[in-house]
Amino acid sequence: MFKITTKVLSRPITVIERGIVVPLKAEIHCHVKIIGSLPFRPSQLERRLRRARGLGLDVLTLTEHIEVADYWDIYDCLESLCEKASGVLRWQGVTVMTGAEITLNSGQDILMLGSLDNIRELHRRLGRPRNADPPGFARLMDASDDLDLLRVGAHPCRRGKVLWGIGSPLKRLDALEVNANELSKAAYVQSQSESLGLPVLAGSDAHHWLQIGRVYNLLPTDQSFTIPELRQSLLQRKVSWQKGGLTRSRLIP
Ligand SMILES: [Fe+2]
């Protein structure tokens, strides 16, 4: 019989302490479903929101695979659970960013972070393809250029999904991901990103709720941040990342 205890990442959610803006802790890569083909249950979503809050994350970004049949059921449910102020979704003090993971016809995955309106428009432009007609990299970039979406190359070193073969067009992305499953490659991702002139963001790629916060980003901004502000912070290299979450958990017999 084991009991799982987890230290929170740190303080309760506060932004300004003694006049100093404290960076927000942000998870940018989290799924709601463990297995995409099984039906979505609202309890899966609530468990992930509770976990993010319990860890002390300020921002949780939900990036479900856009190909899953009930993708929009998940985000409809999210909107019903959250307060919405100035276009920002909030759940019990946690800012919830929305997003999608999109698989290319060459196998790699791209994260799109932004408002549901923009993701809906992107989905419409891609023709709601499910898995039948995945876009190529150029088509996905063309379809999203004028949408206010942050475009992140996911797990660039993963076998079968290696991004480097795309070459210089990767510069159309906003960032490359240091993925929690590829931490041994973090320095390589960093150097490849620098050679492309891109910043990095760290993502846990959490499919199970216990994987949330394995890595997280420190965003130098207040809680009313927008995608353009986040993009600007990335361009100015003001976003850093840390390991956390499960690395701070202990199993007690
Ligand atoms: Fe993912």
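**View 1. Lysine 33 sits in the loop between strand S4 (24-30) and H1.** Helices (H or I, at least four residues) and strands (E, at least two) are DSSP runs, numbered from the N terminus. This is a predicted model, where local features need pLDDT of at least 70, side-chain atom pairs count only at pLDDT 80 or more, and totals for chains, interfaces and linings use all residues. Residue numbers start from 1 along each chain as its sequence is written. Lysine 33 counts as partly exposed, because it has 19 C-beta neighbours inside 10 Å. The scale behind that: buried takes 20 or more other C-beta atoms within 10 Å of a residue's own, exposed takes 12 or fewer, partly exposed is in between, and C-beta atoms are placed from the backbone. Leaving aside neighbours within four places in sequence, lysine 33 is in contact with Leu38, Phe40, Gln44, Glu64 and Val68; contact here has the C-beta atoms, placed from the backbone, within 7 Å. Isoleucine 74 is 41 residues apart from lysine 33 along the chain, and their C-alpha atoms are separated by 9.3 Å.

**View 2. Helix H1 (residues 42-55) packs with helix H2 (residues 71-81).** Their angle is about 55° and their axes are 10 Å apart; axes are lines fitted to C-alpha atoms, for helices over the stretch in contact, and angles run from 0 to 180 degrees between N-to-C directions. That makes H1 oblique to H2, oblique being whatever is left once angles under 35 degrees are called roughly parallel, over 145 roughly antiparallel and 65 to 115 roughly perpendicular. From H1, Pro42, Leu45 and Glu46 meet Ile74, Cys77, Leu78 and Leu81 of H2. Sorted by type, the residues of this contact come out as six nonpolar, no polar and one charged (nonpolar: Ala, Val, Leu, Ile, Met, Phe, Trp, Tyr, Cys and Pro; charged: Asp, Glu, Lys and Arg; polar: the others, Gly among them).

**View 3. The largest nonpolar core has 60 residues.** A core of this kind is a set of buried Ala, Val, Leu, Ile, Met, Phe, Trp, Tyr and Cys residues joined through C-beta atoms within 7 Å. Leu60, Met112, Leu113, Val152 and Ala175 touch the most other members. Strand S8 (residues 94-103) gives the most to this core, with five residues. Take alanine 175: not counting residues up to four places away in sequence, it touches Val152, Leu198, Pro199, Val200, Leu201 and Leu234.

**View 4. Leucine 122 is part of helix H3 (residues 116-125).** Leucine 122 is buried because 20 other C-beta atoms lie within 10 Å. Beyond residues up to four places away in sequence, leucine 122 touches Met112, Ala143, Ser144, Leu147 and Leu149. Serine 144 and leucine 122 are 22 residues apart in sequence, yet 6.4 Å apart in space, C-alpha to C-alpha.

**View 5. Histidine 155 and aspartate 205 each have a positive phi without being glycine.** Phi is about 25° for histidine 155, which lies in the loop between strand S10 (150-153) and strand S11 (175-179). Histidine 155 counts as buried, with 25 C-beta neighbours inside 10 Å. For aspartate 205, phi is near 50°. Aspartate 205 belongs to the loop between strand S12 (200-203) and strand S13 (215-219), and is buried, with 24 other C-beta atoms within 10 Å.

Notes. Contact = placed C-beta atoms within 7 Å.
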